[in-house]
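Here is a short note for a first look at this structure. Please read the points in order.

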Amino acid sequence: MKEIKHNELYQFRAFKEGDDFAFNFFFNKYYNRVLGFSIQFLYDKDEAKNVTQEVFLKLWINKDKIETANGILPFLYTYAKSICLNLLRHNKVKDKFKNELLNQKERELDTQILNSIHFDSLELTELEVLINKVIAELPEKTKQVYLKKRFENKKNEEIATEMGVSQKAVEAHMTKALKILKEQLSDYLPSFIIITLLNS
């Protein structure tokens, strides 16, 4: 296992430096997974192959933005999801029932992408520390609302009564808190993963 991880780290470093063979290492490792991911979204193998090729091209172009080897698969899944959604919307899926299915499928894919990320204990601890730091630096009332909602599972009405403010004010504070958290964490994770983590 250590030897495999060492080899992958070596390949990742070479990939970051623009090595074609290292790129092929990750292409061969993840191609079938991204293809399968796209097929279950589009139900069209040929179209899914085109998406997969485009996704790996995006990976090569954006290699400087990938910080760790663990970040490659989430990056691929995120771009595959985005391209698939654009294709479906381009095909003018306007029927309400179909749109509801599309939204449900998008949520399912978001969960799959989130589950594909394997944080080690150090990464997870660092992420928790960062989130807690951002929360601590929120404006006082905004922080109180966020903590009551997020950690005490209180409803907006309860929070409004406790704090002597309107429910609209509570909603505004929550919106502000999530906006700040997304902005502060955007360099570390895709936005939909941030939202999933903050609301889990």
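**Notes on the model**

1. Thr52 sits in helix α3, which spans residues 45-61. Helices here are DSSP runs of H or I with at least four residues, strands are runs of E with at least two, and both are numbered from the N terminus. Residues are numbered from 1 along each chain as its sequence is written. The model is predicted, so local features need pLDDT of at least 70, side-chain atom pairs count only at pLDDT 80 or more, and totals for chains, interfaces and linings use all residues; side-chain values use heavy atoms, with hydrogens and water left out.

2. Is Thr52 buried or exposed? Thr52 counts as buried because its relative accessibility is 0%. Buried means under 20% relative accessible area, exposed means over 50%, and partly exposed is in between (1.4 Å probe, protein chains only).

3. Which residues does Thr52 touch, not counting those up to four places away in sequence? They are Tyr31, Val34, Leu35 and Ser38. Contact means heavy atoms within 4.5 Å. Tyr31, Val34, Leu35 and Ser38 are themselves buried residues of α2.

4. Helix α2 covers residues 20-42 and bends by about 45° at Tyr30. The bend is the angle between axes fitted to the seven residues ending at a residue and the seven starting there. Tyr30 is buried, and so are other α2 residues, including Phe23, Phe26 and Phe41.

5. After α2 comes Tyr43, with a positive phi near 60°.

6. The largest nonpolar core has 30 residues. Such a core is a set of buried Ala, Val, Leu, Ile, Met, Phe, Trp, Tyr and Cys residues joined through side-chain atoms within 4.5 Å. Phe15, Phe56, Leu59, Ile72 and Leu76 have the most contacts inside this core. Two or more residues each come from α1 (2-16), α2, α3 and α4 (72-90). Another core, of 15 residues, lies apart from it; Leu130, Ile135, Leu181 and Leu185 are among its members.

7. Leaving aside neighbours within four places in sequence, Ile72 contacts Phe12, Phe15, Phe26, Tyr30, Leu59 and Ile66. Tyr30 is also where α2 bends.

8. Now the whole chain. The chain has 10 helices and zero strands. Of its 200 residues, 37% are buried. Among contacts between residues at least 6 apart in sequence, 59% join residues at least 24 apart.
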